Each structure stands twice: as structure tokens, then as C-alpha cells.
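Please consider the structure shown below. A short report on selected features accompanies it.

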Amino acid sequence: MAFETISSVLYQVGKAIRKELFTKVVGNLDDLDSRTTTLEGGASKVIIWSDRVILTNPGASLTGWDLWKCPADFTLLDAKVGIFTTAGITGILEMDIQKSVDLDPANFATVFTTKPSIDFSGASDYDESTNTVFDVGQQLVSQGDWLRLDFPSLPTPIGGFTIQLVGEFN
Amino acid sequence: MAISQTFETFAQKVASNKSVLAHLEPAQRLVLWELDAGAVYKRSVDHYVINVFKETTALTQGSSSSLNAGEFYFDYSDKTLYVRLGDDSNPEESFMVGVYRLFFSNQGHVLSWDLTDDGNEVYYEALLSETSNFKQELDNAELLGISLESDGSIRFDNSNGYWDSIFDRLIWDSRRIAIYSWFPDTPFSESKLIFEGEFEDKTFTQNSVTFSIKDFIYRLRQPVGLDLFSESDGTLSEDIKGVKYKRRIYGEVTGAQTQSLDQTLAGFQLSGTISGSKDAFTVSGSGTSFLSECSPGDEIIVDVPIFGEFTYKIESIETDTSLTLSEEIERGFSAITTINNPEIPVRTKNRPQHISGHKLREPTTTITAVIQLNRFRMDPTDFFANDIIVVGSETVRIKRISDDLIILFQNLDSLPSIGTTVKKNPINAVYFDQRELIIDRDYTIQNSASECKITLDDLAEFNITKAIKIAGSFTFTNGSRNVTATGAAFEANLKPRDWIRSDDPFHATWYEVLQVNSDGDLDVRIAYAGANFGGTAKRKNINYVGDESIVTVDCIGKEDSAGKWVKTASDVVLDLVQGDAALTNIDTDSFDTSKIEADYIVSLKLPLSPTGEPPIIRDVISLMNQSVFGSLVARTDFQVSFNVLTPDRPDDLEELKDEDLIGARQNFSVSTKSDVRRKIIGRYNHFDADRYTGKKGNDSTDFENSFVDYLIGTKNEKTVDIYLLNETDAETITERYALIHSLTQNVVTVKAKLNLTLRNLNEKIFIGLTRMFDRFGGSSENKKIGIISKISRGATETTVTFSDLSNQFNRVGAIADDSALDFTSAPESEKIFNGYIVDDDTELPDEAATSDDQWNTNLIG
């Protein structure tokens, strides 16, 4: 049902609270919900990181590979790491996203219950992680929050890999 | 006979010739039978037979003496009863019970046996001399409640000795009785049932026989049928936490305490056998696993033949087959089993945790359209935002539901397909030690027809415990169980069954602590498998689930026999009256309607406390009634009906007029019932244990009524327990209590003709009596809408009590038809039905009003 303007005559003092008033209110809400849902499904994604990463001698872990300041409230939707090859590589590739209201390192906390990771001992070429579990209490990101990308565990030797972090406006 | 007349026509007449009829249905064992033909047996009987049972199994009524297996036939013409049992056996070999119907009236009539117009005609003995009035009443001042069971008595003349032969020989206890009112000039079928119930006690004199009788509502005084825990459920003791009964869960609950089915109690048996010599400190094992099953500080209980039980504390553990005690062995033992009573709970005990003595609802559906990785369509019945669901094999949480569109908090790993199964876990969350456990990692769910339980993973407590860095420098040696450190404080920071790991990035494995030897030396239970490492380390101090620990769950409740969620108050009451009270005379339409009118999700655990006893059925129904403004009543046709109080006014509302009353028009009285409160506190979402404090509690909402503050000024407050889950629903109910408690109720009692006999408790009615005072919120208008709270039915007159529930029905506006007139044009009779837009300041529906009379009327509430 298309949006319909509700005439003020329908809600003037002394008017009976008629069914048609509620019918129009419900119709307009349905229309708004339908259009909002369409909009959300198409244009609400926030791509925070979607990159190929190449590190040079980073060590066994790396804290603060990148920082990103949030422009608006949204919900973290997906986080993945991906690899190209497993040949000659051992160890675990693990990504962490830490969230904070400011840049004080003491205030950062992980957004995951289970961090996206790939264990090379059981991985295949071109794998993407499928183990991510967000911490429900940390999944909502507010305007002005900082997100920090860490790698708590890096394999050896380190080759190129991909990372992805996507959100969705609320 | 003026057959075209109806009961209603005659009921209006004061001097109508009324008859009272009674059906009494005693039982008798039928022992002697003779073969009639084939497998059909027969016998003569003295009374009209309406049912025959083989033990407790009813036979079906046949249409002639030529019977099929499992049938009976009563030939009234010669009072012969024929039966053919299901297995064609001789009924003399079985316990056969016949149920009779005896017919009585106060005047003597020939009427049909079943009061239809074409049934077999029988003589209704003119022995019925008196019946009491049968009163129906709601047992709560707010008209939330259950109709009190109606009881009374019926007396028969015995001056001719009619009862001498049957008073003691027939079985009357708990047998059915029905009493009817009938006008002899109307068809038999116009008789009206005024009481249906059971015999309770009886009195015999040479001149009369009197029965005291009660209706079926009394069955609600039985306790709810909950099962006791038993040895077959596992290893548990009532003495630990006082839990005796398996709980029943309705709707959805949070913070429900579980019951361990594998308690440690006095200890658990160790693997293998042990031996030890008198005066020695060392115990050796065969097939034992001391390293994983024991810890220093544990007590082993050794039952030495002849000498009895000895208890020793473990000092240290050397290997899987050798440990050292803190004291000398008093009596030697060899190759015997032993019990270990651990000082610290072990992670292999208390794993199964019982939740309910029935299956929990587990909604399942399939995807009908796929939109994105976090969007798809499906039937959303019984699914809500924040639910944990399993899509195919992936566990995710619902962020929002819009119509049939499901939006997830997190992308699925791969696009699902149309037809992919979506299942909602019956358990939404599990908490222990202030932390939430994660499904599949920390626990699994077993949801069978007879119970629901979770099984904790051995590492559940480990998984939810945060790792903490330990000060010091540590040495981990490949192949060794020993860890050394400098600058560390092991004795203060670690104890047996805690965990430690090195910060070696290539070996992130955790090791369970066996024993702390000193501040710089400890042993773990298995050898370190990483490369030799020197550096920093982390610890986890674990709080394990023990016998007395509190684990709580947030979960959905019971499903009915058809697999539907027992979700609303209506569902709960129906489940109780059908399942526990075994009532069969149910007005299911009323339950369906109430389910729509009060579709709130209830939140109820039975017993209310984990350690409680099974509550009485009617007490539980009362909790539901007070939660949704419900009431359970027996209607005039003795069907049990569940109603929810709503402010709507039926289009066909009947009017009580002066001519309906007996005697003069002034023959009514109005009393008031004052219970005005300025503040209502609604306590909802009751939980056994808060996840942070472990204490029993609830959420609460309140409503302060400025109407009362300004106009009445009372400081009285009222707290109501609302057994609902959601805050918005609890707020709605709390505000309704505030409305009802904002003004005094008017209670109108009238003595009326028999036409009011046909009315039911909780029915709404116009009170249109000429001498009634003007109503609150009605300008010069005295019509009120009342709700029936009490009916006392006699054979010739009826007394009815109405309440206007603080003028609720004209103070709360209802949505009007599109043809409704504006306030200034509408007749008074329409104004009491419809809601009107009011001025923001004056709250009057007429901007040109010159009177305050219409204030506080027809507000949307």
C-alpha cells in the first residue's frame, strides 16, 4: 500500500476514533517498513576493511596493523581471513578486531567471542575462515568508536592473505 | 401442550408454573449374566442404564440386542441389558459396572430420558422436595479469578420408602447429578441446566434423603502433576539444594536454575584398584589414573574388609599409579576400589543439568526465499529478535524480523537455499559464574519427550574463564610435567585444577595444574608438548560447577500434545484444566479468543521456586489470571470458559431493564468497593537466580497515577506479580491495574426473574435501570456497563451482582465504526461505546463544551 497523507480532519477534537484512522496509520507503517527493508538490504553495508595484506617480517603477532574511526552507528556483520596457498606454511593465521571509544590502548577490547582464523595444518589453498563468532555485547559500533585490526597469531613464513570486515547500518 | 413456547418466554413471567427436574446417575457392579445368543449376554436391571464399563473401559451403545464386539444395548421396554465384550468373553469373568440414570421432579411428569423431544419417555418420580440455590461467584475483587466451585444440596421425599433399597446398595460417591428448570408448557428440550456436578455426602431419614453436591470446578484444588527426581535420573540428592520435583516451564523464562544429574555427593569411584601397606604413606594403583582424577587435598575413602572405612587426605601425586597420603595408613589394603571426595570440584562431574520434566518447544521451519547472507524469508511463527537459531548447520542470532523477513546479526558463511531448515534452540542462553556459555562449544542440548537437559563440556568452565598474565619468568621443558619460575607467586595465584600456558606463539596449549609445590615450582597433569620455552606465561583460575553451584538457563517452555507452544495465559490454563484437572467440558472457543486478546508470552516455572512443592492447580490459574486480567468460569451449560477482561463492548450488549427485576423497580442495591491506589508496581520476568548476584528476583515496572494524586490523594500503593516475559506487556498490565484502582467500583445487586439464569459470569451487560445515578464521565446519562461477578440460581429466581469496574467501560474509548458520528452529534447510547479525540489541554471531546461532565471519558487506554 502506498503512503497516504492522513487528513487532520480525521483527528480533530470531537471526532470519533474511527477505524479508518488506524487503517491508514497501519498502511503507512507497512509502506515505510517495506521501503526501509529494501533500502537496508541494498545500501546499508559498511565496508571497513576488504584488503589483500602483505607483511614483511612482522613476527609471530602484530598489534595495530590499521585503525578506523566509525562515521555512524552500525552493527558488525562479517569478519573473515582468507589465504592463497598453504604450501610450506605452518602455524595459525588469526585476526582480531579491537574496539575502543578512544585511542588509549587500555580501552580496546575484542569484538569477538571466536576470532576468525585459519590453521594451516588443516587448511587448503584459497580457504576463507568460517569460525567467526561476534561478542553480542561488542557487536554494536557507535559513531566515533575506533576499530583496531590486530593479528594475534601469524604463520611462518608469512605470505599474502586477505581480510574482510563488514558492518551494516542499524 | 403449547409446544412452541420457549424457556426465555416463560422465564420473563413471574407466576409461571416451573418444574425442577433431576438426573441422578449412580453406579452398580453387575455380576450375574446369562448367555443370550453368540457372544451376547444379558440380564435384567431395575433402573435405566446409560453406560456400561468393563473395569474402566466404556462399552459403546448399540442400537439393538444384535451387538458388535464392545457394545451394550438397554431395552427399556422390558428393562433388559445386553452386552458383548470386546473379546467375546463372559462378562461374569470381568468387573462389569453399570451406570444408571434415575429420574425425579417436584411435580411428577412423563418426559424423555435425555430431555430431548423424541427420546424414550420415562416417569420422573415426584419425590424431589427441595433444592438449594446454586451460587456462582468469582473469587477475586478485581474480577480476575476463578469461579468458586458451586455447591448445594438436593432433598427427596422418602416417606414411601423409595430410597430404602437403593440408598446403600448403589454407589453414589463422585457420581454425576444434573438439575434442570423446566416449564411444563414448553418442549422437553427447553429445560435449562441449572447445576451439574457430583455427589459428595448423603443423609438418610425415614422421611427424606438429602445429598450434598458440588460441581466439577473442585478438581482445580488438586496439585499440579509434577514428577519427583529419582535414582533413575542420575546421581543426585535432595539434601544438596533441596530440589525434589522436575519443573514445568510455561512460555519463556530467564534465569531458570538447573539441577545437576551427576553430583559428586560423597565422592566418585576412581578407575582401577589401589593397594597400601599399614603405616606407609604411599598408595599404589593398578589401572588407575591418579594424574587426571586426583588432586592434593582430595580425600580418598578406603573400605577395608572387616575394619571398615578409612578416610585419607592426598598430599601429592607422583604418577598415574602412585600417590602419597598426608598421614600413615592405619590398616593395609590390597587391590580394592576406592572413592575420591575431591576438595575442588572436578570438571567431569555435574555435566548433565536437568531443566524440565517435559520437552521444550523447539520451533522449526524452512527458508522460503533467500535475499542475502544475513537476510531470508520464512514463516516467523514463534521466532523473535535476539533468538539464537540454527540455519542449516550454522548457529546465528536474529537481529530483527519484519513480516516474514529475517535479518541476522551476522552473515552466514554461505548463502542458504530455499528449503533450508531453520530451527530455534529451546535454550537461548546458559550462564555460570556470571558468564554466558556458548552452545556446541560449552554445552549441548538434549530435548526429548520426557525431559530437557543440557550437558556441559568438560572444558566449559575453562572456555569461559579469562586468561590472566602471570608475573615472573617461566621455564617449560619438553616432555616434562614440571614448570619452574622465578619471580612468580604460584602459591598465591594457582591451585590444583587451574590452568597455565606458556606464551610461546607456536605452542598455545593450556595445561591443567596438578599441584603447586612452591612459589617457583608446580606440576601439570600431562607433559609439556611444546619446544623448551623460557619466558612469560598466562593462567586461568577456574571456578568449576560443583554440586551446589547455580547454573541458569534462559529457555522456551512446554509444548502441548499437538506440538504447539504453550505460550499465552490461555494456553497455560487450558493445559492445566485439561492435563492436570482432567476436565473435558471445555469451551475451546473461549480459550482461542482469549489467546488472541492476551497474546503476551507468559513466564512461569512450576514450582515457582526450584525447591518448592507442586502448587495447587487453581493457584497457578490465579497467577495467570492476575497476569492478563483473565478469569476461568463455569458457564450456565457447565462448559469451562476462559475469558480476558477487555474494554470492548459487544454490539449486541443486552440491557437490564426495570421489568427484568422481581418486585418494584427499586428492587436493586448499589454498594461501592474502594481499593484506590496511587501507584502500581508490576513485577514480571521472575527468575530463580540473577546471573551476576545469584539471587532470586524479577524485573519491575511501575505506574504512578496523577489522577489519584490530584483527586483522591491516597498514598496507597499496590504490588502485582505479573507472570509475563516482556517489559512492554508488563507495562500494559500495570497500567490497567492503575486504571481499575483509580476509582471506587460500583457493585449493583439485583433480584431478577429466571431470564438472568441464562447469563454467565463475566458477561457484560447494560444496566439500564431508571433510578440508577448518573455515571462518571457521562453528562446526564445513567446507563452503565457492568460485568457479572456473581450469580445465585434458584429454581424460581436469580440474584445477580454486577460491577462497573470503576466505570472502566465508559472511561476507556474504543475504536469506532467508520460511520460513527462526531461527539457533538452522537446520541448518548453511542457515546458509551465509542472513543473520541479529546483536546490536549482540557481532555474534553467537545471544544465548545460548557460542562466538565465529559472529562475523563473515552480515553484510549
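## Basis of the model

This is a predicted model, in which local features need pLDDT of at least 70 and side-chain atom pairs count only at pLDDT 80 or more, while totals for chains, interfaces and linings use all residues. Residues are numbered from 1 along each chain as its sequence is written, chains are lettered from A and ligands numbered from 1 in the order in which they are written, and side-chain values use heavy atoms, without hydrogens and water.

## A sheet in chain A

In chain A, an open antiparallel sheet consists of 4 strands in the order β1-β11-β3-β9. Strands are DSSP runs (E, at least two residues), numbered from the N terminus, and two of them pair if DSSP finds at least two bridges between them. At the edges lie β1 (45-53) and β9 (140-141) of chain A, each pairing on one side only.

Strand β3 (residues 74-83) of chain A is joined to β9(A) by 2 bridges. A:F74 has A:V141 of β9(A) as its bridge partner.

## The interface of chain B and chain A

Chain B contributes 37 residues to the contact and chain A 35 residues, contact meaning heavy atoms within 4.5 Å. B:F409, B:Q410 and B:I837 supply 22% of the area that chain B buries against chain A; buried area is the accessible area (1.4 Å probe) that two parts lose on being put together, summed over both.

The interface holds 7 salt bridges, each a side-chain nitrogen of Lys or Arg within 4 Å of a carboxyl oxygen of Asp or Glu. B:R400 forms a salt bridge with A:E40, with the closest N and O atoms 2.2 Å apart.
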